[in-house]
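This briefing is intended to be read alongside the sequence and the three-dimensional structure. Please keep both in view while working through the points below.

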Amino acid sequence: MRNLVRGLLAAVLLAALPLMSNAAVLIGVSVNIAPPVLPVYVQPPCPSPGYIWIPGYWAWADEGYYWIPGTWALAPSVGLLWTPGYWGWESGAYFWHGGYWGPHVGFYGGVNYGFGYGGVGYEGGYWRGREFYYNRSVTNITNTNITNVYNRTVVNNVTVNRVSFNGGAGGVVARPSAAELRAGSEHHVGLTPVQRQHEQQARGDTRLRASVNAGRPPIAATQRPAAFTGHGVVAARGAAAADQARAAAMNRSDRPAQGQRPAMSNRASVPPVDRPAQGQRPAMSNRAGVPSVDRPPQAQRPGPMASQQFRERGNAPAPPPRSPSPGVGRAGPEAGPRGAPGYPQARGPAQPSGPPAPQGAARERQAAPHPSGERQEDHGRGR
């Protein structure tokens with residue numbers, strides 16, 4: 001009895017191993033950056049009977065997103081179909097749900113990968129016994145000796161776009177159906193060895209990084225897995241134009257070479273063409289003392305009261321009127337500092353601290369009749 005129980009337990013564990021390994025495949029990487037849109041490319045011809053199309057997709061590495069080209073691959077066993085992987089927005093991040101082989105096609109996020117994978121199921125072919133039949137309306141079987149073909153028009157009931165993820169802002173809005181949920185709980189098989197080699201080779205090719213190809217990989221699809229050169233390699237639409245634009249940006253001829261351009265530290269000392277050099281222009285601290293071209297210097301313009309006294313006294317210059325505060329109303333160099341410590345208050349223009357008046361002007365003031373001249377002289381002497 002014990003041996004029977006142990007045998008049953010071992011059988012259950014062995015049967016659960018594929019499901020456990022599949023759980024690790026279903027949800028692997030989480031990223032907070034949405035993947036790029038799917039590139040547009042042409043499906044290469046099917047190499048021989050029995051191959052099933054594996055659509056390309058964006059994968060993630062430390063360098064960012066990179067494209068894994070679509071390819072034709074053999075199923076690990078007869079009767080198995082491929083369910084593509086997809087990116088899904090969950091809990092504030094994009095999670096990768098890896099693809100798998102199974103008897104039925106499960107849920108792949110509603111992403112329209114094309115070539116039979118329109119978002120739900122697979123319309124590119126089906127198994128009949130041990131033979132796989134191809135739908136020529138969505139599958140490229142030209143130049144291939146394949147007789148198991150049929151022609152069925154595929155009508156897409158979903159929005160045709162190139163969005164590569166499910167959920168979140170701008171993602172595909174789709175939920176798994178009951179049939180897709182049942183297919184997700186079936187026995188699954190992960191990537192075959194040749195498929196894993198195909199992924200590893202794509203990861204090591206820098207040309208397939210989205211940061212390099214701007215979302216248009218030069219190797220969008222291959223006829224056979226891990227065959228990135230030679231016949232059967234298809235580039236994405238616009239990949240050649242993107243390569244030419246990058247080459248033109250790197251080899252621009254409309255700008256001088258590095259040796260012809262001044263260094264960043266010397267550019268400030270290069271004088272402009274339409275103004276004089278720095279040495280010919282006055283410094284900022286001296287510009288206030290430079291007289292303007294269209295008006296006389298500040299010291300040569302008398303005030304309005306001084307002009308009136310100048311006319312009354314026979315063209316003799318008169319001192320400016322007194323002001324209640326020192327320095328207010330004075331012109332030219334005679335103006336004193338505003339509110340300077342120790343500056344005498346309410347004094348006339350003939351203060352001892354100011355410059356002496358010209359002798360000629362003083363004699364003219366004494367000779368000119370003025371009723372309050374004596375008081376003015378006394379006040380000027382500081383009595």
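Leaving aside its neighbours within four places in sequence, with which residues is Tyr-66 in contact? Tyr-66 is in contact with Tyr-57, Trp-58, Ala-59, Trp-60, Ala-61, Glu-199, Ala-202, Arg-203, Leu-208, Arg-209 and Ala-210, where contact means heavy atoms within 4.5 Å. The model is a predicted one, in which local features need pLDDT of at least 70 and side-chain atom pairs count only at pLDDT 80 or more, whereas totals for chains, interfaces and linings use all residues. Residues are numbered from 1 along each chain as its sequence is written, and side-chain values use heavy atoms, with hydrogens and water left out.

**Overall composition**

- The chain holds eight helices and 13 strands; these are DSSP runs numbered from the N terminus, with helices being H or I of at least four residues and strands E of at least two.
- Of the 383 residues in the chain, 33% are buried. Buried means under 20% relative accessible area, exposed means over 50%, and partly exposed lies in between (1.4 Å probe, protein chains only).
- Among the contacts in the chain with a separation of 6 or more, 58% come from residues 24 or more positions apart.

- Tyr-66 lies in strand β4 and is buried, with a relative accessible area of 7%.
- The C-alpha atoms of Tyr-66 and Ser-211 are separated by 8.2 Å, although the two residues are 145 residues apart along the chain.
- Strands β3 and β4 form a hairpin with two residues between them.
- Five bridges join β3 to β4, and the two strands run antiparallel; DSSP must find at least two bridges between two strands for them to pair.
- Trp-60 has Tyr-65 in β4 as its bridge partner.
- Strand β3 (residues 57-61) has four of its five residues buried, so it is largely enclosed by the rest of the structure.

**The four-stranded sheet**

- An open sheet of four strands has the order β1-β8-β7-β13, with mixed pairing. Its edge strands, β1 (30-31) and β13 (165-166), each pair on one side only.
- Strand β1 is joined to β8 (residues 93-97) by two bridges, and these strands run antiparallel. Within this pairing, Val-31 stands opposite Tyr-94, and Ser-30 has Phe-95 as its bridge partner.
- Strand β7 (residues 86-90) is joined to β8 by five bridges, again in an antiparallel arrangement. Trp-89 stands opposite Tyr-94 in β8.
- The hairpin of β7 and β8 has two residues between the strands, and Ser-91 takes a positive phi near 55 degrees there.
- Four of the five residues of β8 are buried, so this strand is largely enclosed by the rest of the structure.

**Helix α3**

- The buried residues of helix α3 (residues 193-203) are Gln-195, His-198 and Ala-202. They cover an arc of only 55 degrees around the axis, which puts them on the same side of α3; the arc is that of the directions from the helix axis to the C-beta atoms.
- An α-helix has 3.6 residues a turn, so residues three or four places apart point the same way.
- Pro-193 and Gln-200 are exposed residues on the face of α3 turned away from its buried side.

- On a 1 Å grid over the protein atoms alone, a cavity is a set of points where a 1.4 Å probe fits but cannot get out, and lining residues have an atom within 4 Å of a point.
- The largest cavity has a volume of about 90 Å³; grid points are joined across faces, edges and corners, and a volume is the space filled by probe spheres set on the points.
- Residues lining the largest cavity include Ile-54, Tyr-57, Trp-82, Gln-195, His-198 and Glu-199.
- Helix α3 supplies the largest share of this lining, three residues.
- By class, the lining has seven nonpolar, four polar and one charged residues. Ala, Val, Leu, Ile, Met, Phe, Trp, Tyr, Cys and Pro count as nonpolar, Asp, Glu, Lys and Arg as charged, and the others, Gly among them, as polar.

**A buried loop residue**

- Thr-139 is placed in the loop between β11 (131-135) and β12 (149-150) and is buried, with a relative accessible area of 6%.
- Leaving aside its neighbours within four places in sequence, Thr-139 is in contact with Gln-43, Trp-72, Gly-124 and Tyr-134.

Methods. On a 1 Å grid over the protein atoms alone, a cavity is a set of points where a 1.4 Å probe fits but cannot get out, and a pocket is an open set with protein on both sides within 12 Å along at least five of seven lines; lining residues have an atom within 4 Å of a point.
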